[in-house]
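Me: I have a structure open that I have not looked at before. Can you walk me through it?

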Amino acid sequence: MFQKLKHLFAVINRNTHETAESKKNDITLKKIVSILLASVSLILSIINIITEKYLMMASTLLLMVAFAICALVLHFSKNRNIVQVIVSIVVVSVFSYYAVFGQNDGFAILWIVLIPAISTLFLSFRLGIVISSYFFLLLIVMFYTPVKDLLPAFTKVEGTPGYYDQFTIRFPVLYLASFVVSIFLNAQKIYYSKIAETNSLYDSLTNLKNRRYYTDYLQSIGLDKSIDKNMTILSIDINGLKSINDRFGHSCGDEAIIHTAEILRHVLGSQTDNIFRTGGDEYIVFFDDKDNNVSKIIDSINSSAAK
């Protein structure tokens with residue numbers, strides 16, 4: 001069990017290449033979620049106006065504006081970092097206010113149960129865990145320590161009943177359950193997503209980056225204005241691979257393909273990140289040749305292949 005969890009989080013923490021398609025899908029999902037949350041906040045604002053809950057109205061309007069801004073940022077600039085900052089600040093501020101002051105007769109705090117699911121999905125997985133952990137600690141301090149005697153939410157005055165004793169005992173447990181389930185479900189989602197992404201971007205025989213990764217890499221360097229002018233591109237193939245397959249079988253041909261990949265890794269050393277297997281016996285290599293060593297590298301590849 002422990003080994004499976006260790007493997008799960010090792011894959012989650014693995015840095016994998018994000019394709020243009022997956023980035024576009026993620027931005028679209030976050031934009032849809034932003035619009036939905038802004039719409040829900042607008043409905044709640046209208047309810048708060050009707051019921052004359054003006055402080056709650058101010059908070060829900062703030063949430064509506066924040067999520068609307070997030071949707072606009074995602075639509076026009078595609079900047080997910082700005083969205084994470086906006087959501088983190090607004091959510092932590094507004095929902096902390098709900099918890100500490102017991103707004104809407106104490107019912108506003110119930111929305112905190114949704115934070116683990118929304119934050120781990122809408123924000124990065126790690127940031128979502130941090131924010132969710134903060135709210136869990138806040139609930140523990142508020143409900144299980146003497147600090148509660150100092151908080152406005154526990155002061156029972158006319159029109160403000162405060163939190164009931166049974167609620168203070170049970171609600172942190174409910175939140176913890178929501179927290180654990182959200183982490184598990186999102187961890188599983190990220191795990192299978194990264195496995196699928198890795199399988200679609202890497203060649204299973206040589207473990208080099210494949211043609212799909214190569215195509216996406218070409219798009220990325222085409223958009224990069226600061227690309228190094230010393231970048232050199234080599235196109236490499238294996239002479240006689242068909243003859244090897246015909247005479248000795250495809251297993252020997254596979255060995256030749258794997259051996260060629262190992263030669264390229266060995267010769268290029270620290271610059272192995274940009275070696276692609278783009279076809280049966282075809283390889284493309286990008287590397288920085290600021291020292292004008294391209295002829296030496298080609299000679300090293302040829303001499304290693306001849307051995």
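**Helices, sheet and a few residues**

Reply: The axes of helix H9 (residues 241–248) and H10 approach within 7 Å and cross at roughly 145°. Axes here are lines fitted to C-alpha atoms, for helices over the stretch in contact, and angles run from 0 to 180 degrees between N-to-C directions. On the H9 side the contact is made by Leu 241, Ile 244, Asn 245 and Phe 248, and on the H10 side by His 250, Cys 252, Gly 253, Ala 256 and Ile 257. Contact means heavy atoms within 4.5 Å.

Me: How do the residues of the contact of H9 with H10 divide into nonpolar, polar and charged?

Reply: Six are nonpolar, three polar and none charged.

Me: Before going on, what am I looking at, and how are things counted?

Reply: This is a predicted model, in which local features need pLDDT of at least 70 and side-chain atom pairs count only at pLDDT 80 or more, while totals for chains, interfaces and linings use all residues. Residues are numbered from 1 along each chain as its sequence is written, and side-chain values use heavy atoms, with hydrogens and water left out.

Me: What is the mean pLDDT of the protein?

Reply: The mean is 84, and 87% of the residues reach 70 or more. pLDDT is the predictor's confidence in each residue, from 0 to 100.

Me: Which elements have the lowest and the highest mean pLDDT?

Reply: Helix H1 (residues 2–12) has the lowest, 60, and helix H3 (residues 54–76) the highest, 94. Where pLDDT is low, the predicted coordinates should not be read in detail.

Me: How many helices and strands are there?

Reply: Eleven helices and three strands. These are DSSP runs numbered from the N terminus: helices are H or I with at least four residues, strands are E with at least two. In order from the N terminus, the elements go α-α-α-α-α-α-α-α-β-α-α-β-β-α.

Me: In what order do the three strands sit in the sheet?

Reply: The sheet is open, its order is E1-E3-E2, and the pairing is antiparallel. Strand E1 (231–237) and strand E2 (275–277) are at the edges with a single partner strand each, so one side of each has no neighbour in the sheet. Neighbouring strands are turned by 15° against each other on average, direction ignored. Two strands pair if DSSP finds at least two bridges between them.

Me: How many bridges join E2 to E3?

Reply: Three bridges join E2 to strand E3 (residues 282–288), and the two run antiparallel. Arg 277, for one, has Tyr 283 in E3 as its bridge partner.

Me: Which helices pack on the sheet?

Reply: Helix H10 (residues 250–268) lies across E1, E2 and E3 and runs at about 5° to E3. Helix H11 (residues 294–306) also packs on the sheet, where it touches E1 and E3, and its direction makes about 20° with that of E1.

Me: Now the other end of the chain. What about H2 and H5?

Reply: The axes of helix H2 (residues 20–50) and helix H5 (residues 115–122) come within 11 Å, crossing at roughly 145°. Leu 29, Lys 30, Val 33, Ser 34 and Leu 37 of H2 meet Ile 118, Leu 121 and Phe 122 of H5. Those residues divide into six nonpolar, one polar and one charged.

Me: Ser 34 is in that list. Buried or exposed?

Reply: Ser 34 is buried, with a relative accessible area of 0%. Buried means under 20% relative accessible area, exposed over 50%, and partly exposed in between (1.4 Å probe, protein chains only). Leaving aside neighbours within four places in sequence, Ser 34 is in contact with Phe 67, Cys 70, Ala 71, Leu 74 and Phe 122.

Notes: Nonpolar A, V, L, I, M, F, W, Y, C, P; charged D, E, K, R; others polar.
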